[in-house]
Amino acid sequence: MSDRSVKKKVFRIENPNKKNVYNVLLVGETGSGKSTLINYLTNYFRGGTLHNLKIAIPSRHYPATEEFDHQEKDLQDPTKSKTGKCTFYNFSLNGIDYAFIDTPGLSDTSGRDKDAENILKIMEVAEMTGTIAAIMLVVNGTVARTTSNLKDTINMMKSSVPDVLLSNIMVVLTNCYESSVNFEFKALNPWTISDKNRFYMNNSALSRPINTWIDDPEKFDEIEYAWKKSMKTLEQMVKKITQLGHVASDAFGEMRKKKNEIKSKLNAQINDMRKLYVLQNKLTDLQHAENIASISVSSYSNYRQNTAIEIVDMLPTPYINVLCKNHRAWVCCHKCDRFILPMSFCQAFSISTESCNKCGCSMAHHFDASYKPEKKTQTIEMILQETKQRYDESKQQQATIQSQISSLSGDLDLLKKDLDAKALTIVDNCKELQKICSQFSFADELANTIAIMKTDAGFVTNMEVKADAVARIDRIQSLTKSLNVNTKPGGSR
Ligand SMILES: Nc1nc2c(ncn2[C@@H]2O[C@H](COP(=O)(O)OP(=O)(O)OP(=O)(O)O)[C@@H](O)[C@H]2O)c(=O)[nH]1
Ligand SMILES: [Mg+2]
Ligand SMILES: [Zn+2]
Ligand SMILES: [Zn+2]
Ligand SMILES: [Zn+2]
């Protein structure tokens with residue numbers, strides 16, 4: 001690969017005075033406490049206290065006190081991610097700059113598509129920052145088992161965090177103390193998170209209105225105990241972040257490009273499959289029409305008809321016959337025995353009327369001949385013009401349909417080969433992606449596509465086409481097997 005193709009310019013967050021910002025990306029399920037953690041960090045960096053709370057991100061009970069650009073929507077709906085976009089919260093301490101990036105919560109009730117969109121947003125922001133110091137997975141530490149939501153979140157992260165950043169992953173368990181945590185770190189396998197990258201906090205001060213605890217000594221003590229612990233934890237956390245240092249976030253961009261490529265190829269597969277159905281249906285129609293045309297052809301094929309006609313031949317005879325001019329096919333007197341005597345001596349004529357007993361004509365019409373007429377039937381072939389015209393038309397139609405069938409079959413073969421070839425290039429793209437992110441899961445990426453393909457195939461009525469479609473979908477699905485997620489361990493130092 002040439003240098004030029006690698007060094008594609010990506011938009012970087014412009015912050016000219018702050019070249020060495022420690023960027024920290026907060027990622028986690030909705031409601032896990034990301035925004036709350038940022039509010040606690042705000043108090044840590046800006047010297048807030050329980051009597052003088054500093055609020056960066058407003059919530060139901062606490063209006064903002066700090067100047068930041070923020071956007072919190074649906075404050076009243078606890079099932080919707082409150083944080084809708086990625087927002088930077090910049091802090092400075094002892095001349096060091098930090099930027100904490102709040103991100104939309106994953107696995108919320110808005111659904112998988114929304115999650116995919118959010119994870120893309122998060123990756124884009126990671127790419128834009130230029131460098132990343134830490135990726136912070138925020139998890140509610142009271143969640144007893146690893147819920148399917150949390151599993152999804154973890155899987156999405158595994159599929160999105162490049163291997164170069166594996167040592168920069170931190171896990172923050174909220175709503176708990178180290179002694180009361182329920183989270184099982186093996187849920188992150190094969191990622192391993194060192195003890196020094198695990199943090200436990202109970203950021204309870206902001207979960208209830210201030211008037212419910214500020215004047216209640218018992219509740220205040222409880223909240224103050226947790227608050228102090230949290231502030232100490234934040235101190236360690238910030239120290240750890242500076243130790244982790246900056247890692248170039250280009251890999252996110254590389255992943256984004258590769259993922260986009262895979263996505264557009266998967267979409268192309270969906271479209272090509274739809275095209276395939278259309279062509280296959282057309283082929284079936286044509287085959288049907290060809291059947292009809294061939295029936296026509298065979299039913300009009302009897303346009304030749306044999307007819308028997310009678311003809312009269314004159315056969316020479318070694319004797320004399322009396323024939324009539326008016327009745328050429330008749331022999332009025334066969335082997336006339338009158339020899340040289342006149343016609344009136346011939347027995348064929350009545351003596352009184354002198355007319356022929358056989359044909360009724362007068363004697364004058366008769367003559368002697370040394371031949372005799374003989375009737376013959378001859379069969380001749382007749383062409384039924386109308387039938388022949390129909391036959392020719394059907395034949396022409398059949399030929400047209402047959403040539404359409406053969407060109408359509410050719411198109412179909414090409415399309416099928418193209419589909420197969422493209423599916424293989426998707427596998428290649430996945431393998432390239434797995435070099436950057438060993439935990440990238442093609443199966444997850446493919447799930448949507450397969451669902452759409454199955455829905456499409458459900459509308460196919462032609463059994464043969466349907467069977468072909470199902471087999472094709474199975475083959476695409478089985479591609480994932482050749483791309484088993486790497487289980488080699490990776491993780492923080
Ligand atoms: N008791 C207690 N409550 C917490 C803790 N962390 C967060 N909460 C509460 O949990 C709720 C959700 O917290 P948020 O900080 O809004 O969660 P989030 O991760 O930003 O959620 P989204 O923006 O939807 O992704 C709020 O009511 C917080 O007050 C904690 O450590 N202890
Ligand atoms: Mg939030
Ligand atoms: Zn005679
Ligand atoms: Zn006669
Ligand atoms: Zn006659």
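User: Which strands form the open sheet, and in what order?
Analyst: In this predicted model, the open sheet is formed by 6 strands in the order β2-β3-β1-β5-β6-β8, with mixed pairing. Strands (E, at least two residues) and helices (H or I, at least four) are DSSP runs numbered from the N terminus, and two strands pair if DSSP finds at least two bridges between them. β2 (87-93) and β8 (198-200) stand at the edges with a single partner strand each, so one side of each has no neighbour in the sheet. On average, neighbouring strands are turned by 25° against each other, direction ignored; the axes are lines fitted to C-alpha atoms, and angles run from 0 to 180 degrees between N-to-C directions.

User: What conventions apply to the numbering and the confidence cut-offs?
Analyst: Residues are numbered from 1 along each chain as its sequence is written, while chains are lettered from A and ligands numbered from 1 in the order in which they are written. As this is a predicted model, local features need pLDDT of at least 70 and side-chain atom pairs count only at pLDDT 80 or more, whereas totals for chains, interfaces and linings use all residues.

User: How many bridges join β2 to β3, and are the strands parallel or antiparallel?
Analyst: β2 and β3 run antiparallel and are joined by 7 bridges. Ser92 has Asp97 in β3 as its bridge partner. The hairpin of β2 and β3 has 2 residues between the strands, and Asn94 takes a positive phi near 50° there.

User: How many bridges join β1 to β3?
Analyst: There are 4 bridges between β1 and strand β3 (residues 96-102), and the two run parallel. Asn23 has Ala99 in β3 as its bridge partner.

User: And in which sense do β6 and β8 pair?
Analyst: Strand β6 (residues 169-174) pairs with β8 in the parallel sense, over 3 bridges. Leu173 is partnered by Tyr200 in β8.

User: Changing topic: which residues are closest to ligand 1?
Analyst: Gly33, Ser35, Thr36, Gly105 and Ser207 are the closest among the 21 residues that surround ligand 1; a residue is counted as near if its C-beta atom, placed from the backbone, lies within 6 Å. Helix α2 (residues 34-46) gives the most to this shell, with 3 residues.

User: How many of the shell residues are nonpolar, polar and charged?
Analyst: The shell holds 3 nonpolar, 16 polar and 2 charged residues. Ala, Val, Leu, Ile, Met, Phe, Trp, Tyr, Cys and Pro count as nonpolar, Asp, Glu, Lys and Arg as charged, and the others, Gly among them, as polar.

User: Which residues touch the most other members of the largest nonpolar core?
Analyst: Val24, Leu25, Ile135 and Met136 do, in a core of 66 residues. A nonpolar core is a set of buried Ala, Val, Leu, Ile, Met, Phe, Trp, Tyr and Cys residues joined through C-beta atoms within 7 Å. A residue is buried if 20 or more other C-beta atoms, placed from the backbone, lie within 10 Å of its own, exposed if 12 or fewer, and partly exposed in between. Apart from this core lies another of 11 residues, including Cys332 and Phe349.

User: What do the buried residues of α4 pack against?
Analyst: They pack against β1 (22-28), α3 (112-129), β5 (134-140) and β7 (191-192). Among the buried residues of helix α4 (residues 148-158) are Leu150, Ile154 and Met157.

User: Is Lys263 buried, exposed or partly exposed?
Analyst: Lys263 is partly exposed, because 17 other C-beta atoms lie within 10 Å. Lys263 belongs to helix α6 (residues 250-299).

Note on methods: Contact = placed C-beta atoms within 7 Å.
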